[in-house]
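Visitor: I would like to learn how to read a predicted model. Please show me.

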Amino acid sequence: GVKTEEKNDEDEAETKATQCQPQRAALVKSILNFLKKAIPDTAFADSIRSIMDSSLPASLKHIISNAEYYGPPLYHLATEVVTVYVFHEPSLLSPLQDTGLTGVMLNSLILKDRSEER
């Protein structure tokens, strides 16, 4: 009775500590969704190039390599942002490779089994 409930509370607290807070995840999701829509829009081309030259690749790398923390929806959105960017800016693939983002993304796709998380 009582021991089982205490154990469940501990497990729940542990899970919360190792997963992104829902409000934070929602904010990140909104930002990634905006980026995914802004990348193909020519009005945002210069701005997107500028943020891809700043810390965005490092942030995407962090989300992709910490999928367990951020959860499958943010992992998939982060990989989609990279995919859409490469599709619309193929000439800028090399600088993106220099950041290590493409390598992290490919490793995560190859080494981790994502099918069970979908």
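Visitor: Which helix holds L106?

Guide: Helices are DSSP runs of H or I, at least four residues, numbered from the N terminus. L106 is found in α8. This is a predicted model: local features need pLDDT of at least 70, side-chain atom pairs count only at pLDDT 80 or more, and totals for chains, interfaces and linings use all residues. Residues are numbered from 1 along each chain as its sequence is written, and side-chain values use heavy atoms, with hydrogens and water left out.

Visitor: How many helices and strands are there in the chain?

Guide: Strands are DSSP runs of E, at least two residues. The chain has 8 helices and 0 strands.

Visitor: Which residues have the most contacts inside the largest nonpolar core?

Guide: In soluble globular proteins, nonpolar side chains tend to be buried together. A nonpolar core joins buried Ala, Val, Leu, Ile, Met, Phe, Trp, Tyr and Cys residues through side-chain atoms within 4.5 Å. Buried means under 20% relative accessible area (1.4 Å probe, protein chains only). Here the largest core has 25 residues, and L32 and L60 have the most contacts inside it. α6 (72–88) gives the most to this core, 7 residues.

Visitor: What does L32 touch, leaving aside neighbours within four places in sequence?

Guide: Contact means heavy atoms within 4.5 Å. L32 contacts L60, I63, L74, L77, A78 and V81.

Visitor: Which residues of α3 are buried?

Guide: They are A45, I48 and M52. Seen down the axis of α3, they fall within an arc of 65°, so they line one face of the helix. That arc is taken over directions from the helix axis to the C-beta atoms. Their cover includes α2, α4, α6 and α7.

Key: Buried < 20%, exposed > 50% of the residue type's maximum accessible area, 1.4 Å probe, protein only.
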